[in-house]
Protein chains: 2
Amino acid sequence: MSETLTDITAGLSCPVPKFDYDRVLLAHGGGGTLSHQLLSRVIFPLFKNRWLDSEHDGAVLEIDGVRLAFSTDSYVVQPIFFPGGNIGELAVNGTVNDIAMCGATPLFISAGFILEEGFDLESLRKIVESMRIAADRAGVSIVTGDTKVVDRGKGDKIFINTAGIGVLKNGIDISPNRCKIGDQILINGRIADHGVTIMSAREGLTFETTVESDTAPLNDLVSKILDVSNKIHVLRDPTRGGVASALNEIATKAEIGIAIDENSIPMDDQVKGACEILGLDPLYIANEGKLIVFVDSLDAEKVLEAMKSHPLGAESAQIGEVVADHPGRVVMKTQIGSSRIVDMLSGEQLPRIC
Amino acid sequence: MSETLTDITAGLSCPVPKFDYDRVLLAHGGGGTLSHQLLSRVIFPLFKNRWLDSEHDGAVLEIDGVRLAFSTDSYVVQPIFFPGGNIGELAVNGTVNDIAMCGATPLFISAGFILEEGFDLESLRKIVESMRIAADRAGVSIVTGDTKVVDRGKGDKIFINTAGIGVLKNGIDISPNRCKIGDQILINGRIADHGVTIMSAREGLTFETTVESDTAPLNDLVSKILDVSNKIHVLRDPTRGGVASALNEIATKAEIGIAIDENSIPMDDQVKGACEILGLDPLYIANEGKLIVFVDSLDAEKVLEAMKSHPLGAESAQIGEVVADHPGRVVMKTQIGSSRIVDMLSGEQLPRIC
């Protein structure tokens, strides 16, 4: 077998990567610059193929003429129960949303559990029940799964991986490469609720808010958006790393400039206050029920109306546009009228947010 | 939203389960009786749907007329590097095999990493490289993925989840329900190599053997088997819980009796010796490159020949048959000529074997 392996290795272009660090840091999981370094220096060069190159939330595949979207996420959120949801609900909605962001209709979900020895079974039952309810709400079926147990102290109660399969209608092509100057950028409501909720729920960071996680399945909203326009260029859910990281990924991939207006970004007053107290920038805080839409300016108004008429989009807003200036950069007009570059998240605002 | 949730819950039949234990035990992950209890009392009643009811290694789905197999597994093996492989290779081969056991051709794989803060990036690179090599060997592409990081002491270096999609040719129907009296039971070689290797590699259980894990992609072997016979009734890879648990699952699901002959089961002498020293029954020890075939007796000989002519099946053997007696039970004729019931694994032989 060693000959076979050598043969295959010889065919790979696997340069030994240069690391800034030689060990995994929490920030490698934060969705920002270090996450991207880990992917671009370790994972992508070795796994390299045309599906991964698209850097979508999921892969778009074709099998016997049927176009499918396929995506996976692991959930390690801490605490596992929080206002507005729990790790199970999050695990279903998150993968449903990644499939939806490809423009596909999610159909089937897998569930892989890694349980820590000693985790209480009643909590597991509640989490599994939430997953079923979330699946029913999103119209998907959990069709296959796996359960592993690790020794006490080698896990943290429960980690859940979900993978999902969706089907793409003909003609739908959602990709950063379709962005063009003048495209309008829309969002379906208030940002940063999920991240601030997790922070509030964590030991040592409790303060009084009534904010809840925005975890929700976005596939029905996406379906309504695609019904009213065939000029949707990008859909992205700004989870880890928040709106700032999502916009930076798109700006970099599409080599376009993005201009956003701070005043137009919907935000809850309590969330704003919490961010100020904690010195956090809400643009970098995770959302679990929000999507960003890049749409041709011709269709922007009707798409915004369709979003506003959906239960998950009542507070939808136009927050920016694609511009000719500063390709690869996101620039924000601030509340006081100045402009600042909005970079990719560097370091770690909040580990284990999802 | 709470109304929506209540509405949906009301429609579910979710009896509060009775547990023998109120906390997760290591044995809940062992692939034996307690694993089945966890599934049958918590997971299956809540997730209940026709795909899960089939209790296959993966789900067989239909999307727009295309038949797909979909499967997932998380890998938590300890140690992460062992003679014959590592966690990454195992994670690719394991999901490739689960798809192949549905009779499908595996095509696409997802990879979800849960890394512990402090894990060294050079080990990660080696594991990712092994995954690419394993994927190339099996002819599949790793098309989508995810990376999370958990705090030091809340994980164990690296856990990997893979999910996979395969395509099923028309006419292929692999299912325990197709078993009938007289079916011959074949295996593609020596059992228990993987489990004994992991044991040898673990601290405190080292003894001198040259045994290596049998981790291998079985899809090509399955393809050869399906090429020579359309009378293949069941394919199963005896991983966690070993050959004994796999046969028990099939006997229970198909309500058939299974008779096996201890003398006919291929086993390495070193593995046999190690099991005797450690007081372990090799029938319950995990394999990662073996498959059990149930085939109509008319085709048994030609299938066995096809298996023997494959590099992964040189030591293939017929180990038993489906009988009219003792439906739901596996009975073994021992080396000394007596008979004994081979039960499902109860308790835990070896945690974190895969």
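Modeller: Start with the naming. Helices (H or I, at least four residues) and strands (E, at least two) are DSSP runs, numbered from the N terminus. A:Arg352 sits in the segment after strand E14 (339-341) of chain A. The model is predicted: local features need pLDDT of at least 70, side-chain atom pairs count only at pLDDT 80 or more, and totals for chains, interfaces and linings use all residues. Residues are numbered from 1 along each chain as its sequence is written, chains are lettered from A and ligands numbered from 1 in the order in which they are written, and side-chain values use heavy atoms, with hydrogens and water left out.

Biologist: Is the phi of A:Arg352 positive or negative?

Modeller: Positive, about 55°, although A:Arg352 is not a glycine. Most residues other than glycine have a negative phi, and most peptide bonds are trans.

Biologist: Which form does the peptide bond from A:Gln78 to A:Pro79 take, cis or trans?

Modeller: Cis, with omega near 5°. A:Pro79 lies in the loop between strand E2 (66-75) and strand E3 (81-82) of chain A. In chain B, the bond from B:Gln78 to B:Pro79 is cis too, with omega near 5°.

Biologist: Why is the meeting of A:Asp151 and B:Arg352 called a salt bridge?

Modeller: The rule asks for a side-chain nitrogen of Lys or Arg within 4 Å of a carboxyl oxygen of Asp or Glu. A:Asp151 and B:Arg352 meet at 2.9 Å, N to O. That is within the limit, so the pair counts. Chain B and chain A have six salt bridges between them.

Biologist: How many aromatic pairs does the structure hold over all chains?

Modeller: Four. One is A:Phe108 with B:Trp51: centres 5.2 Å apart, planes at 75°, so edge-to-face. Rings of Phe, Tyr and Trp (its six-membered ring) pair if their centres lie within 6.5 Å; planes under 30 degrees apart are stacked, over 60 edge-to-face, the rest tilted.

Biologist: What makes this a pair that joins two chains?

Modeller: A:Phe108 lies in strand E5 (residues 105-116) of chain A and B:Trp51 in helix H3 (residues 50-53) of chain B, so the pair joins two chains.

Biologist: Into which domains is chain A divided?

Modeller: Domain 1 (1-48), domain 2 (57-167) and domain 3 (176-341). The bounds come from an automatic or database domain assignment. Domain 2 and domain 3 of chain A bury about 1,700 Å² between them, 60% of it on carbon and sulfur atoms. On the domain 2 side, A:Pro83, A:Asn97 and A:Met101 lose the most area, together 30% of what that side buries.

Note on methods
Buried area is the accessible area (1.4 Å probe) that two parts lose on being put together, summed over both.
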